[in-house]
Each structure stands twice: as structure tokens, then as C-alpha cells.
Amino acid sequence: MFSRRKHTMPELNTASLPDLIFTVLFFFMIVTHMRSVEPKVSYRVPQGTELQKLGHQSSVIYVYIGRSADDTFRIQLNNRLVEVGDIARCIAEERQRMQADDQARMTVSLQADRDVPMGIIADVKKELRQAFALRINYAASKAKDEKD
């Protein structure tokens, strides 16, 4: 009679598995950009040709001006919907939350819909001046090169 040998499967070596998991985790932590402000208004920024990236994200206050769900223009300062008259007070509150070195280089990033009336933007700029937020960055998308 034939005798059969039992074939056993060799065990999987999992010694390097934690190293692999931490390497993948570290990779995703490096390449993932966490968005700290979620826009509550819809906006399409105008196109520009001379664009620069903002540095020191911890010292940037985001102001969005766009259409809300009821199709009116609204102003969002970081994560709050505000009225024009509340901007100076909200900027002062945001400045107090920053560290001292971030306060010195505080920048307001103004991201407005291309159809916003200029009067609203002028009112926002006036409130920013009253709050001594004098460093303003205007957001735009990169203009496409048109070749005829």
C-alpha cells in the first residue's frame, strides 16, 4: 500500500509586516494635504498669470466670497459665515488664536467668485483695513495658455 505524507504549508513570516505598515503610513502622512477650512460657499476664482504660493499656512486666514445655497453672495471667514460688519471682530479673534510669530506675518487669502460685485470686495477690504490686516493675497487659478 502506498503511504501518503502529510504536506504542511510553511508558515508565513510576518516579522517585517509592521515595518511595511509604518512605511506606508508614513508615506501617506507626508503626501496628504489636510484641508483645515471647508468652503461653505461656492466660488470660481478668476484666472491669473503671475501666481505665487502662500507660505506659512498657520498664519493664513481664508476669506471666501461666493454664492450660498439660497443664491445670495455670502462671506465665509475660515469656517464661519459672517456679515461684512463682523469681519474686523472675527479677524481680531483669529489673530488672538495665532502664535506671536504667526501674528507678525498674518496674511488674509481672499478667494472671491468671479461674479461677485466689486462693492462687496471693497467693503471686505475696508473691514480688513480697520482690523489692521494689511497683507492680502488674492486667489486665482492659473490661466491656460491659448495658442492659435
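Mentor: Asp71 lies in the loop between β2 and β3 (73–77); strands (E, at least two residues) and helices (H or I, at least four) are DSSP runs, numbered from the N terminus. This is a predicted model, in which local features need pLDDT of at least 70, side-chain atom pairs count only at pLDDT 80 or more, and totals for chains, interfaces and linings use all residues. Residues are numbered from 1 along each chain as its sequence is written, and side-chain values use heavy atoms, without hydrogens and water.

Trainee: What is the phi of Asp71?

Mentor: Phi is positive, about 65 degrees, although Asp71 is not a glycine. Asn78, in the loop between β3 and β4 (80–82), is also not a glycine and has a positive phi near 50 degrees.

Trainee: Why does Asn78 count as buried?

Mentor: Buried means under 20% relative accessible area (exposed is over 50%, partly exposed in between; 1.4 Å probe, protein chains only). Asn78 has 11% relative accessibility and therefore counts as buried.

Trainee: What makes β5 (residues 107–112) mostly covered?

Mentor: Six of its six residues are buried. Thr107, Ser109 and Gln111 are buried on one side, and Val108, Leu110 and Ala112 on the other.

Trainee: Why is β5 said to pair with β2 (residues 60–67)?

Mentor: Pairing needs at least two DSSP bridges between the strands. Six bridges join β2 to β5, and the two run parallel; Tyr64 stands opposite Gln111 in β5.

Trainee: How many bridges join β5 to β6 (residues 136–138)?

Mentor: Three, and these strands also run parallel. Ser109 stands opposite Asn137 in β6.

Trainee: What handedness does the crossover from β5 to β6 have?

Mentor: The chain passes through helix α4 (residues 118–130), and this β-α-β crossover is right-handed. The term means that, with the strands pointing away from the viewer, the path from the first strand over the helix to the second runs clockwise.
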